[in-house]
Every structure is written in structure tokens, then in C-alpha cells.
Amino acid sequence: PLLASAHESSCIRLWSIQANLMKELLPFSEHPSGPLTALCTDVFTKILLTGSKKGHIICWNIASFLEDSRNKKNEIKEELCWRAHATKVVDLFIEEGKNVVVTASTDGSVRLWHATTGYYFGYFGQARKFELTDTSRLILPSDVNNFPAIIKKESKRMEKKKVKYPLMLDRDK
């Protein structure tokens, strides 16, 4: 058993049932996803999905970590990040049978996405039927303008760069 908590700092913490902190996760994304507002896993607890206040969805692979959390080689891998909504994500879930992620937002929309690529299928209430088998069409909702980012395995976590700009008084000038 494992407990997961999502935080305003974009951090995810994984806890044991005995309340011991097992792991802290921060996203790779170069654009901060903002405070986390939604969290879910698939039925087999292999994938962890998070939704944020800024409308981002981040997909994490946690399968190898859960098999043996003490082995340092079994890392949790961020696999995918995409902007799903222009406003806060309030709920999300994954439907493994159809390989679909369903997201809901404060903008009043409920949208469908391909779980492993982040491709947009459409929204509930649209006139056309969902075509869940065609992931070759790269379409986006009208309020989102960037495509999903697949995180490469050799990527390193983003670190904030410390830059100093000292102000110096030059009396001669």
C-alpha cells in the first residue's frame, strides 16, 4: 500500500502506510506546472497522473519503484507532460481499456486525451463522435497552443539557475 499527496509546490510525496516518506517528486518540465490540484493512478498502480492549477497533466511511471522501493535503480520516471486546459484541473482519471485520460476543469469542460501520447480526442458535448483509434491527427483544443512533451529517459531535472547581478557604484562615472 502507498499513499500519494500532491502539493502547492508542484511536489508529489509518496508515503508508506506507516507514515514514512518514501519519495519526493518534482516535474522535469521547463514551464512550471503550478500547484497540483488532482491526482490519480491506473487500476494496477503503474501510472500516476497529476493535474495542476495551470491546466497541465503530468504522467509518471511508478511501476518499477513500487516493485522494490529500496533499490535506488528503480526510479520513478516522468514520461509525458501536456497542457490540457487553460484553467485549473479539478479532476482526472485514466480508463485503461480505451487508453484514455479524462480531465475536468474549472473552465467547465471535460476532455479526452490519449493516455500514452497526450493527443487530444475532443470534449464531452461536441457534435462529432470520438475517434479513439486515430492518434495520428495532431489537434488541440482552441484554448491550448502547445503539443505534449515526451520526457526522454536521459533528461535531468530542471534546476533553478542562480544568477548574480551585483549593483556597483562607480564614482568616476
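**Group meeting: strands, cores and an aromatic cluster**

Two strands are called paired here if DSSP finds at least two bridges between them.

A word on what we are looking at. This is a predicted model, in which local features need pLDDT of at least 70 and side-chain atom pairs count only at pLDDT 80 or more, while totals for chains, interfaces and linings use all residues. Residues are numbered from 1 along each chain as its sequence is written, and side-chain values use heavy atoms, with hydrogens and water left out.

Back to our strands. They belong to an open, antiparallel sheet of three, ordered β1-β2-β3. β1 (3–6) and β3 (21–25) are the edge strands with a single partner each, so one side of each has no neighbour in the sheet. On average, neighbouring strands here are turned by 20 degrees against each other, direction ignored; the axes behind that angle are lines fitted to C-alpha atoms, for helices over the stretch in contact, and angles run from 0 to 180 degrees between N-to-C directions.

Of the 173 residues, 37% are buried, where buried means under 20% relative accessible area, exposed over 50% and partly exposed in between, with a 1.4 Å probe and protein chains only.

Now to the inside. Which residues have the most contacts inside the largest nonpolar core? They are Leu49, Ile57, Trp82, Leu92, Val101 and Trp113, in a core of 15 residues. Such a core is a set of buried Ala, Val, Leu, Ile, Met, Phe, Trp, Tyr and Cys residues joined through side-chain atoms within 4.5 Å. β4 (36–41), β6 (56–61), β7 and β8 (89–95) each give this core at least two residues, and β8 has the largest share, with three. Apart from it there is another core of eleven residues, including Ile12, Ile62, Phe65 and Ile76.

Thr50 sits in strand β5 (residues 47–52) and counts as buried at 1% relative accessibility. Beyond its neighbours within four places in sequence, Thr50 is in contact (heavy atoms within 4.5 Å) with Ile12, Leu36, Ala38, Leu39, His56, Ile57, Ile58, Trp60 and Leu92.

Last, the aromatics, with two pairs in the structure. Rings of Phe, Tyr and Trp (its six-membered ring) pair if their centres lie within 6.5 Å; planes under 30 degrees apart are stacked, over 60 edge-to-face, and the rest tilted. Trp82 and Trp113 have ring centres 5.9 Å apart and planes at 45 degrees, so this pair is tilted. Why does the pair tie together parts that are 31 residues apart in sequence? Because Trp82 is in strand β7 (residues 77–83) and Trp113 in strand β10 (residues 110–114). Trp113 also forms a tilted pair with Tyr120, at 5.0 Å centre to centre and 55 degrees between the planes. Trp82 and Trp113 are buried, and Tyr120 is buried as well. Together, ring pairs link Trp82, Trp113 and Tyr120 into a cluster.

Technical notes. Helix = DSSP H or I, 4+ residues; strand = E, 2+ residues; numbered from the N terminus.
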